[in-house]
Amino acid sequence: MLTDLFTPSLLHSLDLAGIFVFAISGGLLAVRKNFDVFGIAVLAAVTGLGGGLVRDLIIGAVPPAAFTDPGYFLPTLVAAALVFFLHPQVERINRAVAVFDAAGLGLFCVVGSVKAYEYGLGLTASAALGLVTAAGGGVVRDVLANETPSLLRWDREIYAVPAIVGSTATVLLIRFGAFNAATSALAAAAAFVIRLLAIHYDWRAPRAWNRSSSVTEEG
């Protein structure tokens, strides 16, 4: 379906761009955690590739694309090297990195949903795997860094919601026969814009209703 709308080379280029910006965030977390060069490379790789690997294993697309095309590892290595040598400068453009990360989120939630659907999954499962593709790498990154995944933290701007919106929009477009190049771009753009608004206005998901009356907060 995607190859009917976009050329394989364009899809590959978009994939690599998304992997690169996700890998940057993984490398930066490794620096903050005082990891060595190997740790930086590992966190960059799992952040950039983790979501797609989990999706491919679930749908049976094995071996995953990252292991059949070594080029998928190149952007993670470039990102790791960039962060290793220039992390103060990269930290200073963290806002720009966040914008590109949001773009990667929008792209991956659409691509992940469509790939899952093409492998025979239903609409709900396809949307769920769109979320996994977009956010799975960040979850693996945080677990390896011994942190509560950002996806689950109330004190971070919403991340899963934009991906869910993009994935849901994608499968609804497929369901009603309206999925094409323009509408797929709109679905990705919706996730992108919601994520940017969440960063700008500090939108957060609500915690349990009336939780202070019965549940003490853990540190």
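In what order do the elements of the chain run from the N terminus on? They run α-α-α-α-α-α-α-α-α, and the legends below describe several views of this predicted model.

**View 1. The whole chain, with nine helices and zero strands.** The radius of gyration of the chain is 17 Å, close to the 17 Å that the globule rule gives for 219 residues, so the chain is as compact as a globular protein of that length. Along its principal axes, the C-alpha trace spans about 45 × 45 × 30 Å. Of the 219 residues, 41% count as buried, and among the contacts with a separation of 6 or more, 74% are made by residues 24 or more positions apart. The accessible surface comes to about 11400 Å², and carbon and sulfur atoms account for 66% of that surface. The chain carries 14 positive and 15 negative side chains, and the centres of these two sets lie 6 Å apart.

**View 2. The largest nonpolar core, a set of 25 residues.** The residues with the most contacts inside this core are Leu2, Phe108, Cys109, Val110, Val114, Ala134 and Phe179. At least two residues of the core are supplied by each of H2, helix H6 (94-118), H7, H8 and helix H9 (181-201), and the largest share, seven residues, comes from H6.

View 3. Ser25 belongs to helix H2. Is this serine buried or exposed? Because its relative accessible area is 16%, which is under 20%, Ser25 counts as buried.

**View 4. Val132, a residue of helix H7.** With a relative accessibility of 24%, Val132 counts as partly exposed. Leaving aside the neighbours within four places in sequence, the contacts of Val132 are with Gly51, Val54 and Arg55. Val132 and Ala80, by comparison, are 52 residues apart in sequence, and their C-alpha atoms are 23 Å apart in space.

**View 5. Asn34, a residue other than glycine with a positive phi.** The phi angle of Asn34 is near 65°, and the residue lies in the loop between helix H2 (8-32) and H3. Asn34 is exposed, and its relative accessible area is 70%.

**View 6. Asn146, which has a positive phi although it is not a glycine.** Here the phi angle is about 60°.

**View 7. The cis peptide bond that joins Val62 and Pro63.** The omega angle of this bond is about -10°. Pro63, one of the two residues that the bond joins, lies in the loop between helix H3 (37-59) and helix H4 (65-68).

Methods. Residues are numbered from 1 along each chain as its sequence is written. This is a predicted model: local features need pLDDT of at least 70, side-chain atom pairs count only at pLDDT 80 or more; totals for chains, interfaces and linings use all residues. Side-chain values use heavy atoms; hydrogens and water are left out. Helices (H or I, at least four residues) and strands (E, at least two) are DSSP runs, numbered from the N terminus. Buried means under 20% relative accessible area, exposed over 50%, partly exposed in between (1.4 Å probe, protein chains only). The radius of gyration is taken over C-alpha atoms; the globule rule is 2.2 Å times the number of residues to the power 0.38. Contact means heavy atoms within 4.5 Å. Accessible areas come from the Shrake-Rupley method with a 1.4 Å probe; for residues, only the protein chains shown count as cover. Lys and Arg count as positive and Asp and Glu as negative; His and the chain ends are not counted. The place of a charge is taken as NZ of Lys, CZ of Arg, CG of Asp or CD of Glu. A nonpolar core is a set of buried Ala, Val, Leu, Ile, Met, Phe, Trp, Tyr and Cys residues joined through side-chain atoms within 4.5 Å.
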